[in-house]
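This report goes through a protein model one feature at a time. Keep the view open while reading and find each residue as it is named.

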Amino acid sequence: MTERHGNDYGTAPEADQNRFMKGVIYIFRRSRVASVGLFIVLIMVLVALLAPYLAPHDPVAVDLSIRRIPPGSEGHLLGTDHMGRDLLSRIIWGSRVSLQVGIVAVGIGIFAGTTLGLIAGFYRGTVEAAIMRVIDIMICFPTLLLALAIIAVLGPHMTNTMIAVGVTFTPRFARIVRASVLSIRESEYVESARAVGMNNLRILTRHVFPNALSGMIVFATLSVGSAILIEASLSFLGLGVPPPAPTWGNIVADGRRFLLPSPWISITPGLVIMFTVLGFNFFGDGLRDALDPRLRGERQAQ
Amino acid sequence: MAAYLGRRLIYIIPTALGVATIVFFIIHLIPGDPVLAMLGDDAPTEAVEDVRRALGLDQPLSTQYLQFIGGLFRGDLGVSITAPRPIASEVRRVLPYTIELAGTAMLIGLTLGLPLGITQAVKRASGLDFVASVISVIWYAAPIFWVALLGMYFFSLRLGWFPLTGAGERGNITSTLYYLALPAITLGLRRIALVARMMRSSVLDVLGQDYIRTARSKGLSERIVVYRHAVKNAVIPVITASGMEFGTLLGGAVITEIIFVRPGMGRLIVQGILGRDYPMVQGTLLIFALIFLFVNLLVDVSYAGIDPRIRYD
């Protein structure tokens, strides 16, 4: 926001935002679920950022003399895989792929979905009908399968995974944004902004968008969890980021052939995926409580 | 009712056409040359041209589109590059396996998830409610391929209760069920978590309504209030949501089929992608979306049995 904010036409959103932030902080103080979620997410983000310093070994260094050694032995805390690569290091480096794809894909979904939803909700008429029709149809595609088909055409690559997953999220974001816009556009401060002669674009970016945001944040957080699961599934099928780069999904896939003699290869990265997704889901659930005014009142009353 | 059904079936046609159009454009408009991707960048020009002609890719896009849509009306999904038979007959061959798997998983999810959610709501904040909530939240974060491998490790490899892979002998119901059990439970467990969570909050919502208070003040027993009044109303949004969630179930079925080496639509689409068989990817993606449409049509129609207020005029 710019420095002109204070003396601008509508002060309602600002006051709302202040109350909103207070509510969020309040809930984080009270809601253990949201705090635990945030804690897990922060740990995973730190692990991803510090991967070069945290990983004890080169994640792609092959050493056939130490193939499939079990967890807890000679400098390999989580053991090694069928090519003698250190599992802990692979999982640490794999966090980069999962988090990047998860976050960027949701970012793509938010950007495209918000644009479509804002346009549809604000302009109405034929534009809205056309956009919503396409979105209704897009929602008929099972998420993973749509992502698979897009990867099939674009080819397996990290950027393409982000695009594919992002596209599959777009319709859902567009629906949420449109729904918020429909209720916001009738509100008094948008009316007053229009009365003082603000143009459409300005009303959209200054008033409608910031207010549609709160409804979207919860969904975005929960979507990062789903995006991580989809990325892992694509990698597991061999259609994500190509090897030898480690991803959580392809480590599980590597271990598949050695499930009986060396189950840890597949089991450990799966646990890490679950832990991370759980973090985002907890965080999202906690945020939902914080942003739902009904619940907020309830808790403050207690 | 029959008129309503007929009208719904007619309404579904434009959506199905829209779905087919989007499938076509995903495969044809995304930059990149499918034929080059298939044969490799340094393939001889004549070979590229041959394949292009064989697939009809030398025709203008509009002609290809009309041929594709026209074919659909005749039940023709085009010709596969890798499979020996037309795509439609491949789909017909494997579709029962996928329906069997997804249907059983759905059934497991509903028959166990609905009662669990109701019990949780009625015994809100009890030990059972807490444990079930925690398990379903954690379970919901677990990737399906990992759950499948865990099941395989413990129940097939260690305990030997279930066969490792395959789909059993066709036509032999015992064998089919024996092979279906573990994959269906794998998929179904996730549904139980999802359905129980939705049902719990839906029942709690309904229990707070005025007509429930009225029913209670009339002196009706708690059992009748919950099962006659609350559950009937609470189940509708849950059924709708499980219809919308059917897509996730289909995605899970794809992964499950790959892991348990079962024939099915999932195997078909993944083989299509790995073999760069674009007509196959196009055809199977379309069928998946149509299954989703059809299931949601069934959901709409099934309301008749649940909610007498919904009328079909």
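The volume of the second largest cavity is about 40 Å³. In the structure there are two cavities of 30 Å³ or more. The model described here is a predicted one.

## The two chains

Chain A has 302 residues, and 55% of them count as buried. Its secondary structure consists of twelve helices and zero strands. Among contacts in chain A with a separation of 6 or more, 73% are between residues 24 or more positions apart.

Chain B has 313 residues, with buried residues making up 49%. Here there are 13 helices and zero strands. Residues 24 or more positions apart make 72% of the contacts in chain B with a separation of 6 or more. The C-alpha trace of chain B spans about 85 × 55 × 40 Å along its principal axes.

## Domains of chain B and the pocket between them

Chain B is split into domain 1, residues 32-76, and domain 2, residues 94-306. Taken over C-alpha atoms, the centres of these two domains are 38 Å apart.

In chain B, α1 (2-29), α4 (61-73), α5 (87-122), α10 (222-244), α11 (246-259) and α13 (278-306) each supply at least two lining residues. The largest share is that of α13(B), with ten residues. The lining of the second largest pocket is made up of 28 nonpolar, six polar and one charged residues.

## Nonpolar cores

The largest nonpolar core has 130 residues, and those that touch the most other members are Phe141(A), Leu148(A), Val208(A), Val19(B), Phe145(B), Phe246(B) and Ile259(B). The helix that gives the most to this core is α9 of chain A (residues 200-236), with 14 residues. Apart from this core lies another, of 24 residues, including Leu114(B), Val206(B), Val225(B) and Ile239(B).

Which residues does Val19(B) touch, not counting those up to four places away in sequence? In chain A, Val19(B) touches Ile137(A), Cys140(A) and Phe141(A). In chain B, the residues touched by Val19(B) are Leu286(B), Ala289(B) and Leu293(B).

## One serine in chain A

Ser95(A) is part of helix α4 of chain A, which covers residues 87-123. Is Ser95(A) buried or exposed? Its relative accessibility is 1%, and buried means under 20%, so Ser95(A) counts as buried. Leaving aside neighbours within four places in sequence, Ser95(A) is in contact with Met44(A), Val47(A), Ala48(A) and Trp248(A).

Definitions and conventions. Residues are numbered from 1 along each chain as its sequence is written. Chains are lettered from A and ligands numbered from 1 in the order in which they are written. This is a predicted model: local features need pLDDT of at least 70, side-chain atom pairs count only at pLDDT 80 or more; totals for chains, interfaces and linings use all residues. Side-chain values use heavy atoms; hydrogens and water are left out. Helices (H or I, at least four residues) and strands (E, at least two) are DSSP runs, numbered from the N terminus. Ala, Val, Leu, Ile, Met, Phe, Trp, Tyr, Cys and Pro count as nonpolar, Asp, Glu, Lys and Arg as charged, and the others, Gly among them, as polar. A nonpolar core is a set of buried Ala, Val, Leu, Ile, Met, Phe, Trp, Tyr and Cys residues joined through side-chain atoms within 4.5 Å. Buried means under 20% relative accessible area, exposed over 50%, partly exposed in between (1.4 Å probe, protein chains only). Contact means heavy atoms within 4.5 Å. Domain bounds come from an automatic or database domain assignment. On a 1 Å grid over the protein atoms alone, a cavity is a set of points where a 1.4 Å probe fits but cannot get out, and a pocket is an open set with protein on both sides within 12 Å along at least five of seven lines; lining residues have an atom within 4 Å of a point. Grid points are joined across faces, edges and corners, and a volume is the space filled by probe spheres set on the points.
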